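Please read them with the structure open.

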Amino acid sequence: MKNRTISLETLLQEGRKFPPSDPFRRQANIQDPDIYQKAAADPEGYWARWARELDWMKPWDQVLEWNPPFAKWFVGGKINASVNCVDRHLSQRQNKVAILWEGETGDTRRFTYGELSEQVNRFANVLKKRGIQRGDRVAIYLPMIPEIVIACLACSRIGAVHSVVFGGFSADSLRDRILDAHAELLVTADFGWRRGKRLFLKQSADGALTQTPSIENVVVVAREGTPSKECPMKGGRDHWWHDEMGKVEASCPPEAIDAEEMLFTLYTSGTTGKPKGIVHTTGGYLTGVYATTKWVFDLKENDVFWCTADIGWVTGHSYVIYGPLANGATVVIYEGAPDWPEKDRFWKIIEKYKVTIFYTAPTAIRAFMKWGAQWVDRADLSSLRLLGSVGEPINPEAWIWYHHYIGKEKCPIVDTWWQTETGCILMTPLPGITTTKPGSATKPFPGIAAEVLNDSGERVEVGGGYVAITKPWPSMLRTLFNDDERYVKQYWSKWKGIYFAGDGVKRDEDGDFWFLGRVDDVLKLAGHRIGTMEVESAFVDHPAVAESAVVGRPHDIKGEAIVAFVTLREPAKPSPELIEELKEHVVKKIGSIARPEEILFTVDLPKTRSGKIMRRLLRDIAVGKALGDTTTLADPSVVEGLKRQYESIEAG
């Protein structure tokens with residue numbers, strides 16, 4: 001498909017559907033369309049069958065104990081996550097590659113399952129040597145290097161609880177998470193790479209550690225093997241990873257962990273108040289990520305699986321570490337940015353490692369669109385057989401571009417919806433049996449009871465409402481760390497015994513789900529509820545637009561008016577004429593109710609380091625509020641520049 005061009009307008013046909021191809025259907029892991037009904041008829045039996053595919057040290061006594069909103073799965077069972085991700089593969093896969101790692105600067109490392117086992121065992125002994133016991137919390141603040149996987153699995157081996165903090169977070173963010181988790185040991189690195197620059201993590205960590213009395217030991221990875229000169233070490237507290245690993249045995253017996261013991265905490269940033277420490281336990285979480293990896297991605301023995309998420313986020317936990325490794329997969333891990341040193345880095349990695357399954361975010365896909373298909377054409381992507389999307393709703397236009405230019409119209413796309421709190425994918429196509437639609441996450445994964453409800457908790461058969469999970473599922477969060485009250489209020493107070501995800505959704509006549517984004521991202525225009533994603537998709541449908549973010553601001557007549565922040569594709573240039581053209585384009589796509597009040601052109605949009613657009617800050621700009629916390633932004637200067645630009649327009 002080199003040099004083949006076709007207009008997106010031609011591809012984007014209303015109601016376009018993509019059934020699985022016959023060759024894919026015939027080889028798919030799940031081919032039974034009745035699996036949904038079978039799972040719904042006996043959900044506990046269904047999940048127990050999945051759990052039995054894992055290795056247990058002691059069988060469970062009871063599948064589910066449900067005291068809403070508190071769940072226990074596989075009660076009485078004993079299991080170890082590191083055994084399921086490493087040890088159980090050694091008899092058949094000892095020499096199979098588990099991890100293919102590439103650093104941003106081009107350095108590479110690979111670990112077979114046998115080599116990964118030795119590293120995990122050694123670091124588990126390092127943790128024990130430094131006083132870490134079962135139930136203790138270990139903070140991990142690392143770049144995307146193999147040691148982050150090793151550290152997580154080593155914690156799980158001895159029953160310690162890992163709390164990964166994204167390596168792009170500030171010292172203050174790290175401090176807050178260490179304090180809330182009461183972590184006793186920190187694992188960090190002298191530095192990591194991002195867009196050709198060194199990020200000195202140990203220096204940031206030292207800033208946090210001045211206010212974290214619970215930390216007794218710090219283990220520091222030398223990113224390039226030789227300790228960096230810019231890495232100060234505090235005697236008695238700080239220890240080099242390589243020194244520690246050389247002083248311990250290569251064998252550490254795994255602990256028999258209760259199914260309901262904590263595996264990890266992971267903090268989500270709240271717009272107000274302290275971050276929420278999501279608690280995931282071992283048996284149910286591992287069951288959920290194992291099952292979804294196998295069926296959603298149609299994982300086979302010879303696949304090379306690349307989820308581009310950072311392990312600092314839940315997607316990295318579930319679909320870089322635990323899901324793929326529990327299945328015995330070969331996993332690609334990349335440290336750097338997708339556009340460094342050039343905008344074809346991802347495609348070159350796919351070509352180099354012959355990646356077969358590629359799972360990335362709509363934000364990245366829209367960036368690829370903006371850069372242009374000429375970058376894609378510089379690499380051979382023929383190894384790909386399945387594509388995935390995660391992180392936020394995907395615009396139909398981005399879906400079609402992904403399908404056409406990356407998948408070469410032969411790869412199924414699994415558009416997935418889930419959350420840090422849900423642990424694993426809850427809404428997704430099953431690629432062997434689901435007819436997909438651009439922009440729709442289609443149906444709940446078998447065994448997941450999801451509904452569309454209105455404010456009163458009544459079922460919406462066709463139309464918009466809130467997504468609600470009406471029955472417990474194995475990988476669900478158990479609580480918020482040391483805060484049961486906030487857990488109940490946050491997720492279970494809207495409807496009795498039903499999980500409120502906080503996302504708006506529409507259900508179509510086929511029963512398929514279309515996510516609209518967070519409830520806060522639903523506009524109320526003259527009595528009509530319109531998702532920001534609908535308006536953003538209309539903008540991106542225009543050939544001049546690369547990306548857009550839409551927010552509402554108060555309006556005396558309509559209730560809310562639409563303010564749009566738009567980035568353009570080259571060679572388009574901002575102009576009053578283009579503003580009017582875009583307004584008319586949105587009206588044509590949605591209707592006059594959605595006509596934007598204002599359009600502001602911008603070179604970039606404010607995004608978190610995980611790539612999510614911070615619409616909250618854009619709303620603050622649109623209504624003239626003081627900007628809140630911007631420490632989680634990839635580039636805080638973007639939002640400050642936008643604020644000045646917007647204020648100057650308003651003043652003019």
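The points below cover the basis of the model, then selected elements, residues and cores.

1. Basis. This is a predicted model, in which local features need pLDDT of at least 70, side-chain atom pairs count only at pLDDT 80 or more, and totals for chains, interfaces and linings use all residues. Residues are numbered from 1 along each chain as its sequence is written, and side-chain values use heavy atoms, with hydrogens and water left out.

2. Helix H18. Helices (H or I, at least four residues) and strands (E, at least two) are DSSP runs, numbered from the N terminus. H18 spans residues 484–492, and its buried residues are Tyr487, Tyr491 and Trp492. Buried means under 20% relative accessible area, exposed over 50%, partly exposed in between (1.4 Å probe, protein chains only). Seen down the axis, the buried residues of H18 fall within an arc of 70°, so they line one face of the helix. That arc is taken from the directions from the helix axis to the C-beta atoms. An α-helix has 3.6 residues a turn, so residues three or four places apart point the same way.

3. Surroundings of H18. Exposed Glu485 and Lys489 sit on the face turned away from the buried side. The buried residues of H18 pack against strands E2 (62–67), E3 (70–75), E16 (276–281), E24 (479–480) and E25 (499–507). Contact here means heavy atoms within 4.5 Å.

4. Asn80. This residue is in the loop between strand E4 (78–79) and helix H5 (81–85). Asn80 counts as buried because its relative accessibility is 1%. Its side chain reaches two backbone oxygens: that of Ser156 at 3.2 Å and that of Glu255 at 2.9 Å. A polar contact is a pair of N or O atoms within 3.5 Å; within protein, one must be able to donate a hydrogen and the other to accept it, and residues adjacent in sequence count only if both atoms are side-chain atoms. Leaving aside neighbours within four places in sequence, the contacts of Asn80 include Met57, Arg157, Pro254 and Ile257.

5. The sheet with E4. Strands E1, E4 and E14 form an open sheet in the order E1-E4-E14, with antiparallel pairing. E1 (56–58) and E14 (257–258) are the edge strands. Two strands pair if DSSP finds at least two bridges between them; E1 and E4 have 2. Trp56 has Ile79 in E4 as its bridge partner.

6. Strand E30. Of the 10 residues of E30 (residues 559–568), 8 are buried, so this strand is largely enclosed by the rest of the structure. E30 runs antiparallel to E29 (residues 545–555), joined by 10 bridges. E30 pairs with E31 (residues 598–601) in the parallel sense, over 4 bridges. Val566 stands opposite Phe601 in E31.

7. Glu547. What does the side chain of Glu547 make a polar contact with? The partner is the side chain of Arg366, at 3.1 Å. Glu547 lies in E29 and counts as buried, at 6% relative accessibility.

8. Cores. A nonpolar core is a set of buried Ala, Val, Leu, Ile, Met, Phe, Trp, Tyr and Cys residues joined through side-chain atoms within 4.5 Å. The largest has 121 residues; among those touching the most other members are Leu116, Phe297 and Tyr322. Helix H8 (residues 146–158) gives the most to this core, with 9 residues. A second, separate core has 57 residues, including Phe368 and Ile530.
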